Structures are given as structure tokens and as C-alpha cells.
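Work through the following exercises with the sequence and the model side by side. Each task is followed by a solution that goes step by step.

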Amino acid sequence: MSEVSQLLSTIKRQLKLQGKTYCDVAAALHLSEASVKRLLTSETLGVDRLVEIGNLLGFTLAELTQEAALSESRLRTLAPAQEKELVSDTKLLLVAVCALNHWTLRDMLAVYRLSEAECLQKLLHLDRLHLIALMPGNRIRLNVARDFDWLPDGPIRQFFRTQGLDDFLGSRFDKADESLAFTHGMLTEGALARMQAELRQLRTRFAELHEESLASPLPKRRGSGLLLALREWEPAGFTALRR
């Protein structure tokens, strides 16, 4: 990807994260919306326009360039020791989850019983773990890729299995926005492979909807959990009866 393409991708991503539209850019640049669309889809964006758009997004040109460069080398996983640090401190884990969901420092202080000093301390800890970069004005820049995930059998997933799974499933799932379904059948290896592919697509779609939702103010967004599981299985009582 060329440097200009990286900058354009970064600008579009930041517009979405900040809930800004091409119409907002057009107003700031005193251009028509059609002209803005052409600017952000061609590779003819000049330095002056980059500075203006960067100012709209709260970035200097240097920060915007750095953000574009970092997008190619973002974290896809943490090391086991880093995940262990997160689960060893409930407040650190809370601030990490909030940051990964694009909460601001002000959002965290408004919702949770955290002092500004301890919240900043946790954010600086996350900065040292390279999960985020704490920018001037206490802005939070994520250092994770779109496909970032927790380690398959790492401390975060173990924490969820031992402390979160029962809590998550401790619902009747009878509300309009809740769903719980379990299906059992006998599939071939090929059918299982296709099912796994469809589950990956569903996870991708969930991530896309998460990003789309970032354009809405925090009070309109709700923390939502999606649990997907697929494996070869039969009830233990059935297995005990096998010949």
C-alpha cells in the first residue's frame, strides 16, 4: 500500500471512529460533498488539505502520518505475560476493555468509580504494554489491529472461562435483544469446515457492526457479548453407554 493510500485509509477510519461524515469534512474545507469524496478516493490529496483534515480530526500532520505508519504494524495479540498483567488487576482490565471499545478518559470517569489519577495511571500502564498510546490531551490511540484477539488458551480466555462464562450464561435470554440457541447434529469433516468458515464470517460481521456503532454517542451503545462454540461432542452420559 502506498503512503498516500495509508493516509487515506487512516483518515476514513478516524472519520468513522469520531462519527464524522463527508458532509462534516466538506463544511470544514468549504467544498462540496462530491469534491470531498473525490479527494478521499483519488490519490491527489495535497499537503494543505491533509493539514486541514488532520485539524478536523484532532491530529497534526506528523501525528496523522505516524498513525498511518502504525496501522501496518499494530498488535494482533499480546504476549502471555502481558495478558497475565491485565487479569491480575481488575481496574487495569476494566480500563483496557474500555479503551479497546474506544471510550475516552472522560467516559470512563463518568461511568465507573475511578479517580482521574488512577485512571491515568492505568492508561500509562497500557501504554507501557503497547496496547495503546496515550497522546497529548489524554487522547487514547489504540495500537491494535482490526483482527486483534486474545491468545487461544491465554490468561484472558482462562479468566473468562473461570469468572465470566457462568455470569454470561446466568440469564434466561428471554429479552427482545437476547438470544440463546443450541443445535446438535452429525456433520462430515467438510461440513464442519464450512461451518467454521461461516462462524469466522459472523465474527467479522460483529466487528464491522462494532465499528459502525462507534459513530453513535456512548449512551446509545451497549456492551454486547457474542459467544460462538463448535466442537465434536456428545453428552457424557451417552459416551458412558458406548460399546
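The protein chain of this predicted model has an average pLDDT of 88, and 97% of the residues score at least 70, where pLDDT is the predictor's confidence in each residue, from 0 to 100. Residues are numbered from 1 along each chain as its sequence is written, and side-chain values use heavy atoms, with hydrogens and water left out. Because the model is predicted, local features need pLDDT of at least 70 and side-chain atom pairs count only at pLDDT 80 or more, whereas totals for chains, interfaces and linings use all residues.

**Exercise 1. The chain as a whole**

Task: Find how many helices and strands the protein chain has, and state where confidence is lowest and where it is highest.

Solution: Begin with the count, which comes to 12 helices and two strands; helices (H or I, at least four residues) and strands (E, at least two) are DSSP runs, numbered from the N terminus. Next, read along the sequence, where the pattern is α-α-α-α-α-α-α-α-α-β-β-α-α-α. Then turn to confidence, which is lowest in helix H5 (residues 61-70), at a mean of 79, and highest in H9, at 96. Finally, consider the extent of the chain, whose C-alpha atoms fill a box of roughly 75 × 45 × 35 Å along the principal axes.

**Exercise 2. The span of a helix**

Task: Work out whether the distance between the end C-alpha atoms of helix H1 agrees or disagrees with the span that its 15 residues should have.

Solution: The expected span of a helix is 1.5 Å times one less than its number of residues. For the 15 residues of H1 (residues 3-17) this rule gives 21 Å, and the end C-alpha atoms are 21 Å apart, so the two agree. Now look at the residues of H1 that are buried, among them Leu7, Leu8, Ile11 and Leu15; buried means under 20% relative accessible area, exposed over 50%, and partly exposed in between (1.4 Å probe, protein chains only). An α-helix has 3.6 residues a turn, so residues three or four places apart point the same way. Just after H1, Gly19 takes a positive phi of about 70°.

**Exercise 3. Two helix pairs**

Task: Decide which word, perpendicular or oblique, describes H7 with H9 and which describes H6 with H10.

Solution: Axes are lines fitted to C-alpha atoms, for helices over the stretch in contact, and angles run from 0 to 180 degrees between N-to-C directions. Angles under 35 degrees count as roughly parallel, over 145 as roughly antiparallel, 65 to 115 as roughly perpendicular and the rest as oblique.

Take H7 (residues 90-100) and H9, whose axes come within 9 Å and cross at roughly 75°, so these two helices are roughly perpendicular to each other. In this pair Lys91, Leu92, Val95 and Ala96 of H7 meet residues of H9 that include Cys119, Leu123 and Leu126, where contact means heavy atoms within 4.5 Å. By class, the contact of H7 with H9 has six nonpolar, one polar and three charged residues; here Ala, Val, Leu, Ile, Met, Phe, Trp, Tyr, Cys and Pro count as nonpolar, Asp, Glu, Lys and Arg as charged, and the others, Gly among them, as polar.

Now take H6 (residues 80-87) and H10 (residues 155-169), whose axes come within 8 Å and cross at roughly 40°, which makes H6 oblique to H10. On the H6 side the contact is made by Pro80, Glu83, Lys84, Leu86 and Val87, and on the H10 side by Pro155, Ile156 and Phe159. These residues divide into six nonpolar, no polar and two charged.

**Exercise 4. Buried or exposed?**

Task: Classify Leu100, Asn143, His30 and His130 as buried or exposed.

Solution: Leu100 lies in helix H7 and counts as buried because its relative accessibility is 16%. Leaving aside residues up to four places away in sequence, Leu100 touches Leu131, Leu142, Val144, Phe148, Trp150 and His210. Asn143, found in the loop between strand E2 (139-142) and H10, is buried too, at 13% relative accessibility. Asn143 and Leu131 are 12 residues apart in sequence, and their C-alpha atoms are 5.3 Å apart in space.

His30, in the loop between helix H2 (22-29) and helix H3 (33-39), counts as exposed because its relative accessibility is 71%. His130, in the loop between helix H9 (116-128) and strand E1 (132-135), counts as exposed at 51%. Although neither is a glycine, His30 has a positive phi of about 60° and His130 one of about 65°.
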